[in-house]
Every structure is written in C-alpha cells, then in structure tokens.
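Hello,

Here is the structure for your files. Please open it first, then read the notes below.

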Amino acid sequence: MNIYLALGLVAIISFLIAFLLGFIIIPWLRKLKFGQTILEEGPIWHKSKQGTPIMGGIMFAISTIVSVVAVLVTDYLLGGNFFAGELEGSHTQKVKLIACVLLALGFGLVGFADDYIKVVKKRNLGLTIIQKTVAQIAIMVGFLASFHINGLTFMKIPFVGAIDFAGGFEWFYWLFGVCVIYGAVNAVNFTDGVDGLCASVTSVCAIAFCITAVMNRFFGISILAAALAGGCLGYLIWNYYPSKVMMGDTGSMFLGGMVVGLAYAVDCPIILLFFGIIYVIEALSDVLQIGYFKATHGKRIFKMAPIHHHFEMSGWKERKIVTVFSLVNMLGCAVGLALYYFGLIK
C-alpha cells in the first residue's frame, strides 16, 4: 500500500471512529454519572461545566490504536510491509511502535484511575501525588528499558548529530529520560484546561511528528502519528466549545505518553520543545507562578496559572485561546521541522 494513501486512510478511519464513538460513549458516561467536578479555585464561569461527562479521552485512545492495527493488518494482507524499507530496520521500528502505544496506554490507565477516583469515589483530587508518581515511574522505566535493550540509547540533536549515551553515560540516559517523559506528560495534562485546547494543540503536534517520521522513512511511526491526529480531530467535534465531553486525565495522560513516545521514536526527544511549544509554555507558567508566589509570600506573575487561565481572566474567550495557542504551536512545529530537516537530514 502506498504510504501516503495509508496515512490518509488511517487518519480518516481514526477520525470517524473517534467521532462515532461520541454517540455511544457520551450517553454511557452520562448514564454512569461520570461528570466533571469543577475545582473552587478555577475560573468562576467554569462552574457551568459542572457535570459534563469526563473520561472522553477513551474515544481517541480507542480510535488511534484500532485504526493503526486496521491499516497495518490490511497492508500485510495485501502483501506489503511498511517496516521493510525503513532505515533503522523492521525490528527496531516495530519495537518503537509497540513501546509508544504501551507508554500511552500505561499513562492513560493511570489517568483513568485518577478520573475514576474523582468521579466515583468522590475524592476531588484523585490519586495522591505519591501514587501517581510511583505508577508513572514504573511506566517510564519500562519504556526506557525497551529502548535500552534494543540499543536505542542515542539522541539526535540538530546541527550536532547523534549522541550515544551507552557506556559511561548510561546514567544520563535514564535520568534524562525520566525527566523528559515525566515533564512532557504532565505538561500535556496542564494544557487540558479549556474546551478543545489540548486536542487542538496535540493534533498539530501529531501532524508534525507524522511529517518528521516520513522524512526519516519511519513509516510505521508515521502511521501512528497520523492516527493520533485523526483521533484528536474526531474527538474535537464533541470537545470544541461548548464541550459535550471532557477528556479527563484519561485522555490528557494518554496524549502525553503518545507525543513523548513519538519524540523518542524519531530519535530526537528534544524536538518536543518545538513541536509541543504550548505544552512547554503551559508548564513553565505554572512553575513560575508557584515559585514566585512562594518567594514573594503571596504575589503572582499571572492572574491565574496555567497561562490559558490568565488569558481567560483577561477576557479572552475559550475559542480565541484555542485558535491563538494552536497557531503558536503551528509556528513552533514549523521551526522544529526546519531544524530537524536542515540539521539532521539534508
């Protein structure tokens, strides 16, 4: 099967599955009374969202995985093999693909447990920080171990080249990996704060990873990225303002695991600084706010953090925030793609 035909096909299938699942999952979540609880410290106008079905991330999680399996199986039955012509070899690319999916599913399950405790057990804060951190560390170690076992301990840096941390610097491979994955997943989680924001930004990020994977001839990875983009866009029909469903930690942590997995799959985890520039800004705004608040005994840099709430408090409508933030992320992706192409491929 032609790779470009496959990319279009997997994106459309994923889009349709995510969209159609809305007709089933949203009423089901309403029936189970799995509704969002709005925190007291949030913007007061968010109170109108109280009770909106949560855990909608199940929609794009299912659509992404099912569409990838469907296209890969179809290609195999037709006598093709997307992995055969890849530069790093069939086995390596299969390891990367499976590791990405398992990383996203692992974090998605942690998010699901967090959401379940919030809505069923009526504990507003969900899992404790220790519980969540221990589970996340176990998942991160498993992901990094799969790369380590298969000799994928290197990282490409634009205009520098590939740096391998095997040997005396393996400690840095593990430390860097845990910090990057933990930071990225939680940064994506911060971005899920207004209707349509996280899914919009992630769809842009996924398209950038798809292009990067095609440039590298990592066709299996490009299929996964295209499926993620399609799933996010299908989900957006239900999540765009005014939202009929929220992704919850189930969805945001799945997305976080997927985008950081894709960054590792294209051998350049630092590219996420550009492809996910909005994630970085959101996380930094929260860190700066907390740090400044503690250092000045109560003063604030922003009206509210993460920064999308600052713009809300400044009078921006949710649709404007989504549009502007998505455009900023597109610009970050364009810069990242240019750096990757001219710094590593050309």
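Contact here means heavy atoms within 4.5 Å. Keep in mind that this is a predicted model.

Helix packing first. On that contact rule, T133, Q136, M140, V141, F143, L144, A145, F147 and H148 in α4 meet E170, Y173, W174, G177, V178, I181, Y182, V185 and N186 in α5. Helix α4 covers residues 129–149 and helix α5 covers residues 170–191. Their axes lie 10 Å apart, at an angle of about 130 degrees. The two helices are therefore oblique to each other. The crossing of α4 past α5 is right-handed.

Next, the core. The largest nonpolar core holds 100 residues. I181, F209, I223, L228 and L255 touch the most other members. Helix α7 (residues 219–239) supplies the largest share of this core, 13 residues. Leaving out residues up to four places away in sequence, L255 touches F60, V188, C198, T202, L228, C232 and M247.

Then the cysteines. A disulfide needs two cysteine sulfur atoms within 2.5 Å. By this rule there are zero disulfides. C205 is in none; its nearest cysteine sulfur, that of C333, is 5.7 Å away. C205 counts as buried, because its relative accessibility is 0%. What is the closest cysteine sulfur to that of C232? It is in C198, 7.6 Å away, so too far for a bond. C232 is also at 0% relative accessibility and therefore counts as buried.

Best wishes

Methods
Residues numbered from 1 in each chain as written. Predicted model: local features only at pLDDT ≥ 70, side-chain atom pairs only at ≥ 80, totals over all residues. Heavy atoms only, no water. Buried < 20%, exposed > 50% of the residue type's maximum accessible area, 1.4 Å probe, protein only. Core = buried A, V, L, I, M, F, W, Y, C linked by side-chain atoms within 4.5 Å. Helix = DSSP H or I, 4+ residues; strand = E, 2+ residues; numbered from the N terminus. Axes fitted to C-alpha atoms, helices over the stretch in contact; angles between N-to-C directions. Parallel < 35°, antiparallel > 145°, perpendicular 65-115°, else oblique. Left-handed = near helix turned anticlockwise from the far one by under 90°.
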